[in-house]
Amino acid sequence: LNKMAYADNTSKTVIVVNLEFPGPTIINAVAHAVLGLIGSNNRDAWKLLAYPSPAFSSESHISEFPAIVLRAKRSSALEKLICALRDTGIPHNIFIDSMIGASAESQQAATLAATPEHNKVICIALFGREEAIRPLIKSFSLYKESETSRVAPAK
């Protein structure tokens, strides 16, 4: 991918992932967190544009705004972000390790009982105006390809 400045960045979707988990777990958590974020908010806010591709027999719908993936080295950094987001009104959705289980019912029960002492946040997805979210995410770095190969297994 080339490194160019993206023009339409007044708003953005930001996903912050916890490097304590393996790649496939992170990808699963990101998918669920983003689906929930969009599903529980005004879908129109993302300005989903049609991207027809006749050669691939498809028409995708992609946000006009960028989506960026940042990294956290541990759950405690994500827990601090959740606290900072709580009072801002910025739409966000989190995925905790308790949300992985044999059924939705068991996941819901485990999540209801989840605590920072016994559970870890795998990712947070948020969406908002650039100027509102920047101060909240400035301590996180971009998630780079080189980090996917050295992610530590979950405990």
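Mentor: Glu 131 forms a salt bridge with Arg 129, with 3.6 Å between the closest N and O atoms; the term means a side-chain nitrogen of Lys or Arg within 4 Å of a carboxyl oxygen of Asp or Glu. This is a predicted model, in which local features need pLDDT of at least 70 and side-chain atom pairs count only at pLDDT 80 or more, while totals for chains, interfaces and linings use all residues. Residues are numbered from 1 along each chain as its sequence is written, and side-chain values use heavy atoms, with hydrogens and water left out.

Glu 131 is exposed, at 55% relative accessible area, and Arg 129 is partly exposed at 44%. Here buried means under 20% relative accessible area, exposed over 50%, and partly exposed in between (1.4 Å probe, protein chains only).

The count comes to 4 salt bridges. Another joins Glu 130 and Arg 134, 2.5 Å from N to O. Both residues lie in helix α4 (residues 130-137), 4 residues apart, about one turn of the helix; helices (H or I, at least four residues) and strands (E, at least two) are DSSP runs, numbered from the N terminus. Glu 130 is buried at 15%, whereas Arg 134 is partly exposed at 48%. Salt bridges with shared partners link Lys 12, Glu 130 and Arg 134 into one network.

Lys 120 pairs with Glu 20, the closest N and O atoms being 2.7 Å apart. Lys 120 is partly exposed at 23%, and Glu 20 is buried at 17%.
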